[in-house]
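Biologist: I am new to this structure and would like to go through it with you. Could we begin with the aromatic rings, and with how a pair of them is defined?

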Amino acid sequence: MKKDSPSAKERLFKARRWKITGFLLVFVILLGLGVFLMMPPVTFPAPHLVFNRRTIPPFVTMVESGGKVATWNKAKGEMTIEKAGDSIKLHIDTNRSRKIPIYINGSYVGKSPLNKRLFPGKYEIVAKPPGYMGSIRHLKLTNEYPKNKQVTLPVDEHHYQDYLDEILRLGYTPIRVMDYYNHVPITDKTLILRHDVDEVADYALKMAEIEQTRGVKSTYYFRWRTADPEVIRKVKAMGHEVGLHYETLAFYAQEMGLKSADEVTPAVRQELRRRLKLNS
């Protein structure tokens, strides 16, 4: 038996029902968005099972499209959502490759190129391709700097052993920092090879081992947080030089407005040594 087609009255009722449903849906979305925008800063647990490389970028994009700033603290396992306020939209990219994992202050934020809202302040931005050499940019973000609101990080696309082999193939002779200060013979093929160990001490050990197999000696500057005694002992045993990576002079010069090396007087050096000891 053929079913009768809907009458004009039924079609009108359905159209009105859909209009009412659509209106209520839009109202609920706008109400939720309004509450979301007015919401005070909130921090909540962000376990790795939920917040990881797959989920963080879309979550942050959704939050920031609603006028907020989302910050994931990997060390504490927390996510913080704050009002955008005076935040700055920063474009982060790498110079050649794309889809390179980007970390800000040790927490993953997505793959290049990407946009991220940050509040004015100091940041460590790391481009870290798996298995390759990456790069680190220390940035003091302000409304005036960088002017174009862009940060581009260089990424070496060679494995470190390939990088060293290329240096040696081109006839360069790597030396340590103190070799230079001790006046070893210098030519246009002399290369002072040094590393800042900012994040992981074990990576420094792997690099030192790669250098040792090629008869290369270099200098490693550890931060206090990466100064693993056992790693340092092994690195020194290979003949590499070890030092401390610090910014005591840079911070002091910025604080006191020093403009030249002539202003670093004996009294200033004494104060720098005092501050360095306090940070040890």
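Modeller: Rings of Phe, Tyr and Trp, the last by its six-membered ring, count as a pair if their centres lie within 6.5 Å. Planes under 30 degrees apart are called stacked, those over 60 edge-to-face, and the rest tilted. Please keep in mind that this is a predicted model.

Biologist: How many aromatic pairs does that rule give?

Modeller: The count comes to five aromatic pairs. One of them joins Phe-51 and Phe-59, whose ring centres are 5.2 Å apart with 85 degrees between the planes. This pair is edge-to-face, because planes over 60 degrees apart fall in that class.

Biologist: Are Phe-51 and Phe-59 buried or exposed?

Modeller: Both Phe-51 and Phe-59 are buried. Together with Phe-44 they form one aromatic cluster.

Biologist: Which other pair could we look at, and what is its geometry?

Modeller: Tyr-180 and Tyr-181 also form an edge-to-face pair, at 5.5 Å centre to centre and with 75 degrees between the planes.

Biologist: Are those two tyrosines buried or exposed?

Modeller: Tyr-180 has 42% relative accessibility, so it counts as partly exposed. Tyr-181 has a relative accessible area of 53% and is therefore exposed.

Biologist: Back to Phe-59. Where does it lie, and what is it in contact with?

Modeller: Phe-59 is part of helix H2, which covers residues 56–65. Apart from neighbours within four places in sequence, Phe-59 is in contact with Phe-44, Phe-51, Met-79 and Ile-81.

Biologist: Where is Ala-70, and why does it count as buried?

Modeller: Ala-70 belongs to strand S2, residues 68–73. Its relative accessibility is 1%, and buried means under 20%, so Ala-70 counts as buried. Leaving out neighbours within four places, Ala-70 is in contact with Val-60, Val-63, Glu-64, Met-79, Thr-80 and Lys-116. Of these, Lys-116 is 46 residues away in sequence, while the C-alpha atoms of Ala-70 and Lys-116 are 9.1 Å apart in space.

Biologist: What about the protein overall: how many helices and strands are there?

Modeller: There are eight helices and 15 strands. The protein has 280 residues, and 32% of them count as buried. Among contacts with a separation of 6 or more, 54% are between residues 24 or more positions apart.

Biologist: Let us change topic to the second largest pocket. What is its volume, and which residues lie nearest its centre?

Modeller: The volume of the second largest pocket is about 390 Å³. Its lining consists of 14 residues, with Lys-122, Tyr-123, His-138, Leu-139 and Phe-251 nearest the centre.

Biologist: Which residues have a positive phi although they are not glycine?

Modeller: Lys-99 is one, with a phi of about 60 degrees. Lys-99 lies in the loop between strand S4 (88–94) and strand S5 (101–104), and at 60% relative accessibility it counts as exposed. His-183 is another, with a phi of about 65 degrees. The loop between helix H4 (177–181) and strand S12 (190–192) holds His-183, which is exposed with a relative accessible area of 70%.

Biologist: One last point: which lysines lie over the face of a tyrosine ring?

Modeller: Lys-189 lies over the face of Tyr-172, at 4.5 Å from the ring centre. Lys-128 lies over the face of Tyr-103, at 6.0 Å from the ring centre.

Note on methods:
Residues are numbered from 1 along each chain as its sequence is written. This is a predicted model: local features need pLDDT of at least 70, side-chain atom pairs count only at pLDDT 80 or more; totals for chains, interfaces and linings use all residues. Side-chain values use heavy atoms; hydrogens and water are left out. On a 1 Å grid over the protein atoms alone, a cavity is a set of points where a 1.4 Å probe fits but cannot get out, and a pocket is an open set with protein on both sides within 12 Å along at least five of seven lines; lining residues have an atom within 4 Å of a point. Grid points are joined across faces, edges and corners, and a volume is the space filled by probe spheres set on the points. Buried means under 20% relative accessible area, exposed over 50%, partly exposed in between (1.4 Å probe, protein chains only). A charge sits over a ring if NZ of Lys or CZ of Arg is within 6 Å of the ring centre and within 35 degrees of the ring normal. Helices (H or I, at least four residues) and strands (E, at least two) are DSSP runs, numbered from the N terminus. Contact means heavy atoms within 4.5 Å.
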